[in-house]
Amino acid sequence: MRLKDLTICCIVLYQDSSVGFNDINITRMQQLHILKQVLNLPFLIIGDWNVLPEEATASGWLDILQLGLFLPQHCTSTLKNISGRVIDYGALTPAIKPILDSLVPDLEAPYGPHLGFFLNLHGAP
């Protein structure tokens, strides 16, 4: 995404479900790491991590990628009909955190089992 004086690499992530950081998901994280090194751009990742934020943090991959998490606002679950399971969220390079306004669930989206989200960014950080 190109902003006035800033280019950001935006990524939609989907990790395999119910397996944590298995070989496939670790390979995806390694690919993100290579991409980040090659592009040398700030990252904005949003998607279905398929693990709780605590698990993503404990995996060490956020430290390796030098990213911080951001979670949906006013949301205790990102899955319809399942409570207490936030597995859809974002991560970004801390230097671009000022552009982030909010990640808000779209409670009226007709699809599932995951909620949809609106990612709101500031026009002039």
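Mentor: What follows goes through a salt bridge, a histidine in a loop, an aromatic pair and a surface patch.

This is a predicted model, in which local features need pLDDT of at least 70, side-chain atom pairs count only at pLDDT 80 or more, and totals for chains, interfaces and linings use all residues. Residues are numbered from 1 along each chain as its sequence is written, and side-chain values use heavy atoms, with hydrogens and water left out.

Start with the charged pair. Side chains of opposite charge can pair when their charged atoms come close. The structure holds one salt bridge, a term for a side-chain nitrogen of Lys or Arg within 4 Å of a carboxyl oxygen of Asp or Glu. Its partners are Arg-28 and Asp-16, with the closest N and O atoms 3.5 Å apart. Arg-28 is in helix H1 and Asp-16 in the loop between strand E1 (9-14) and H1, so the pair ties together parts 12 residues apart in sequence. Helices (H or I, at least four residues) and strands (E, at least two) are DSSP runs, numbered from the N terminus. Arg-28 counts as partly exposed because its relative accessibility is 26%, and Asp-16 counts as partly exposed at 22%. Here buried means under 20% relative accessible area, exposed over 50%, and partly exposed in between (1.4 Å probe, protein chains only).

Now the loop between strand E5 (100-106) and strand E6 (116-121), where His-114 is placed. The side chain of His-114 makes polar contacts with the side chains of Asp-48, at 3.2 Å, and Asp-88, at 2.7 Å. A polar contact is a pair of N or O atoms within 3.5 Å; within protein, one must be able to donate a hydrogen and the other to accept it, and residues adjacent in sequence count only if both atoms are side-chain atoms.

Next, the rings. The structure holds one aromatic pair. The ring centres of Trp-49 and Tyr-89 are 5.3 Å apart and their planes at 10 degrees, so the pair is stacked. Rings of Phe, Tyr and Trp (its six-membered ring) pair if their centres lie within 6.5 Å; planes under 30 degrees apart count as stacked, over 60 as edge-to-face and the rest as tilted. Trp-49 counts as buried at 2% relative accessibility, and Tyr-89 is buried at 0%.

Last, the surface. Val-38 lies in helix H1 (residues 23-39) and counts as exposed because its relative accessibility is 65%.

Methods. Patches are made of residues with over 30% relative accessible area and no salt bridge: like charges are joined within 9 Å, nonpolar side chains (Val, Leu, Ile, Met, Phe, Trp, Tyr) within 5 Å. Accessible areas come from the Shrake-Rupley method with a 1.4 Å probe; for residues, only the protein chains shown count as cover.
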